[in-house]
Amino acid sequence: MGGGKPQTPSTSLPKLVARPVGQQIHSIYKERLGQFTSNGQYSSQNLQAAMYEGRASDDEHVKLQVYSPPDLARPTFEEATSHEFKDTHAGVSFGPSWSTHWFKIDLKVPRHLQEKERLEFLWDADNEGLIWTEDGEPLQGLTGGGKRRIEWILPDSFRDGKSHRFYIEMACNDIMGNGIGDLIQPPPPNRYFQLKLADIVAVNLEARALFVDFWIIGDAAREFPEDSWEEHQALQICNEIMDTFIAGHGSQDSILRGREIARKYIGNVDSSKVYESEKEPHVYAIGHCHIDTTWLWPWAETKRKIARSWSNQCDLMDRYPEHRFTCSQAQQYKWLEALYPKLYDRVKSKVKEGTFQPIGGSWVEHDTNLPGGESLVRQFLYGQRYFESRFGERCKTFWLPDTFGYSSQLPQLCRLAGMGRFFTQKLSWNNINTFPHTTFSWVSLDGSQVLCHMAPDETYTAEAHFGDVSRSLSQHKSMDQDNTGLLVFGYGDGGGGPTSEMLEKLRRCRGLSDKTGRLPRVKMGDSVDDYFARLEKKAENGTEFVTWYGELYLELHRGTYTSEANNKWNNRKCEIMLHDIEYLATVASLKNSKYQYPKKAIDDIWEDVLLCQFHDTIPGSSIEVVYRDCDELYAKVFKAGGKLLEGAMSALEFNATATHDSELKAVNTLPWRRAEIAKVPDSEEYALVSGGPGLASVETFSGVSKSTASIKELEEGVFQLSNEHFEVTVANGAITSLVDVSEDRELIPQGQKANQLVIFDDKPLYWQGWDVEVYHLDSRQELRPRKSYIVEKGPHLVSLCTETKVSEVSWVKTTISLAASVEGQPSYIEMASEVEWRETMKFLKVEFPVDIRNTEASYETQFGINRRPTHYNTSWDMAKFEVCCHRWADLSEAGYGVSILNDSKYGFATAGNLMRLSLLRAPKAPDGHADMGHHHIRYAILPHAGPLDHRTIRTARNFNHPFKLFRGSSIPNASASLLNSIQLTGSPALVLDTIKRGEDDEDVSRGELPTRKGRSVVVRVYESLGGKARGCICVDGDVLPVMKVAKVNLLEDDGEEMKFEEGKCRIELRAFEVATFRLQL
């Protein structure tokens, strides 16, 4: 208007549009990302084609020779390399399953590769291997197949153009055993593995780095919300990288440019400095390698898995300063120490540096449902003593990520073993209810607590993906109290552990969080103890973590209370044997100066028993070869234990002058007086055995005893067994009436049958050896007996045998026995079953309907009682349709109750008034012959007037601990006095559970830890019924000169000194407390 100066344009946007631009089709551009890194049809055109700069695999540069040991042997390096090797080459297959093959490899790097930045040797046979130096040092594990680590970085010394020799020990199993297809099916014996790759390669490190950059940014594009700018930017960055690569024809320059583009989203991630920013992390990552001590492979292979996996971690620690690796199980460290001393020294140096971090404090990662109370104590005692003796420190955190439920007394035992922290995640496997907490205070039966954290990512084998980091907060259930999570990453179960790729991914996740945001910030370089210390600090500053009281019941794997019955029987008998050995050896060592307390032999037995309590061994979830190994080990244990018992008895002079005509005597190894009718060995006579603790008398019956038992046939197929306490009517093999005579009370509801064998169809959703599902109850079928007949007519014992056909291949022969009543002792009805079991996917149980009403039943657990619902009011109640018990289960109402005792069974259920003991299963995976064969099972019905009390506790122990009968002309007074020189008086709820020598007494110590002057006896007491109890540890000072008494923890560290006067130490225990005392001589 009017001749003014031209105006400056208000925008740089061109006035005219150059071309149409369309909206990206989001889903298509996102789906496109897979083309850049896949091994599919575009691999010759994408980043995969640029991963290597050169390769050599010809015979001139890679010469292979092999030695194949016969008979599935696993020879040592020295043994194997002493044999003749034969030429071989890639493409050859090696086997069969579980065999070993040693390869001698002569490697010469060709001239055109010698100056390349990174040279690697690639070896892939879809199985596991271990690289050894020419002089016998294990270097690194190799894993082919899916969970891969197939590369070994060649030393710079190999670049000289000369030939260099090393060895590879090949194991013909993949990282998860030898199953094909379905992981848990019994492994075939003739699996073969083809050697696919044995190449020298030059690695393009920038291409490899871009691969991981693209992977993580691509995950952001795939997993961030589509309505977030971070997701859209990630997608644009990835497509820009691809376009740059295409435009540059896959050149090295295009790869470097791609990395620059990636830095716009994730920053500089090429070193551990990425973790040095001051920004607050929310996810703490720790490397881990869960190695199942047995599962789909035997112990022999586990020992090699340890070397393969842990050598890899030592290598990664040298290359990644931020890497921290934690590993549990003292047994595995001990195997490494014995079998791979050079590698053990390498691990030990890493422990000293703080990068390799022992954890857990137990001998193995054990099951906690099935081992007895003292076994749980010894898991901690032997584990903590090993870690302290080898590495100078005890563990502070109990580490048990994969066990099938957690006993209600674990928090107390953890605290007594020096651990106030607990890590797991297994309850994420619940298949009915979702466990509601991530970080919480777990409270034991006695009120003791530990701080528990369950990995929010719900795994202990995370692969350090973008999603693992994300889920470590998104699945966190306790963010009202704390907004941090522990990310436990590394290949596991079959070992392996973290890989360099995982560590690289985590660097990029941290860079992404700092540069772009939205992803929880991950930190490496801390320990698990550092993580728990921060939680404890929060508690100290006032944060109140939610509480969970009692057992952490896993709503899955309930069949493990029953599977592999023979293994469970062996465990129970070993626990009993060890109790008796320690008691008798303690007494013998105090009486006889020439008798040396057999500490090493006892330790060896305990370590073997603890090994068999691993969480895939004793539950019955391992392959068949594992149970063959267990049978051999248990046979060795029983033989060694028998010699120790014989030696202790001999030192006590119990058998010094015995002949066939010598007087019968007995030892009661339990801490109370007891009496029962027993059959005289090698005789048809019966005797009344009574007395103890310690020495007991044996009185044979010359005629009819004062209290007799009788049996009569009321009509065809109907029998009545009677003693002073009970009248038992048996019709067609089942108990149709059980009358408590003194109470005039019928215990079997009208028309119902106790001791009724029932069978169920047993096909869980997947995990055969592990699971029994609730729907199996719908398939209940009663087994009908074929015939019943009298086998013992009294007057001291009466017995009725019933034969039952299960199928054409299986049968049960059950003998119901009733002994004459013994004054002052409870009476019970005993059943002894002989079973030939050849079924397929069936579950055998025995039922006891009783005229008792209560909404809760009681079950013995380690050092206590679990009370569980008998109804299905809620899904939490119904989930407990099968539970674990130890020596007894009880259903009581006001004034009366019934206990069911057993000698080796652990599965039980109480629904309403129906009590049901689980006997045998028949799963076909992972052990195709689980439980097949012959079994002997004992159980009993113990009715009792009044509430559940010490009578059940003691009778169940008596049922499991038989008197030890022997012949001897005379018993030295000193021996007899020493056997009962320590007694527990006061409340009958108190149980004197263990008597043993002090671990570090100067005449006992094996020198692994500092010795303690003098001699001592350690006693363990617990309150068994759930109330405060007072008692007195009474010592006969004439035979046992105790100077002082101190309360100690499970590791036998001195605590409070107790008042000890006139041979008496008064004690008071809270409900279900476990207390240990040292009696210093």
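Two strands are taken to pair if DSSP finds at least two bridges between them. In this predicted model, strand β23 (residues 664–668) and strand β26 (residues 694–700) run antiparallel and are joined by three bridges, and N668 has G694 of β26 as its bridge partner.

**The largest pocket**
- The largest pocket has a volume of about 1100 Å³, and among the 34 residues that line it, M51, Y52, E151, R208 and E501 are the closest to its centre.
- At least two lining residues come from each of β1 (52–56), β6 (118–124), β12 (197–203), α3 (205–223) and α12 (500–515), and α3 gives the most, with six residues.
- Sorted by class, the lining comprises 16 charged, 12 nonpolar and six polar residues.

**The contact of α3 with α5**
- Helix α3 packs against helix α5 (residues 252–266) at an angle of about 40 degrees, with the axes 9 Å apart, and the crossing is left-handed.
- On the α3 side the contact is made by E206, A207, A209, L210, D213, I217 and A220, and on the α5 side by Q252, I255, L256, G258, R259, A262, Y265 and I266.
- The residues of this contact divide into 10 nonpolar, three charged and two polar.

Conventions:
Residues are numbered from 1 along each chain as its sequence is written. This is a predicted model: local features need pLDDT of at least 70, side-chain atom pairs count only at pLDDT 80 or more; totals for chains, interfaces and linings use all residues. Side-chain values use heavy atoms; hydrogens and water are left out. On a 1 Å grid over the protein atoms alone, a cavity is a set of points where a 1.4 Å probe fits but cannot get out, and a pocket is an open set with protein on both sides within 12 Å along at least five of seven lines; lining residues have an atom within 4 Å of a point. Grid points are joined across faces, edges and corners, and a volume is the space filled by probe spheres set on the points. Helices (H or I, at least four residues) and strands (E, at least two) are DSSP runs, numbered from the N terminus. Ala, Val, Leu, Ile, Met, Phe, Trp, Tyr, Cys and Pro count as nonpolar, Asp, Glu, Lys and Arg as charged, and the others, Gly among them, as polar. Axes are lines fitted to C-alpha atoms, for helices over the stretch in contact, and angles run from 0 to 180 degrees between N-to-C directions. A crossing is left-handed if the near helix is turned anticlockwise from the far one by less than a right angle, and right-handed if clockwise. Contact means heavy atoms within 4.5 Å.
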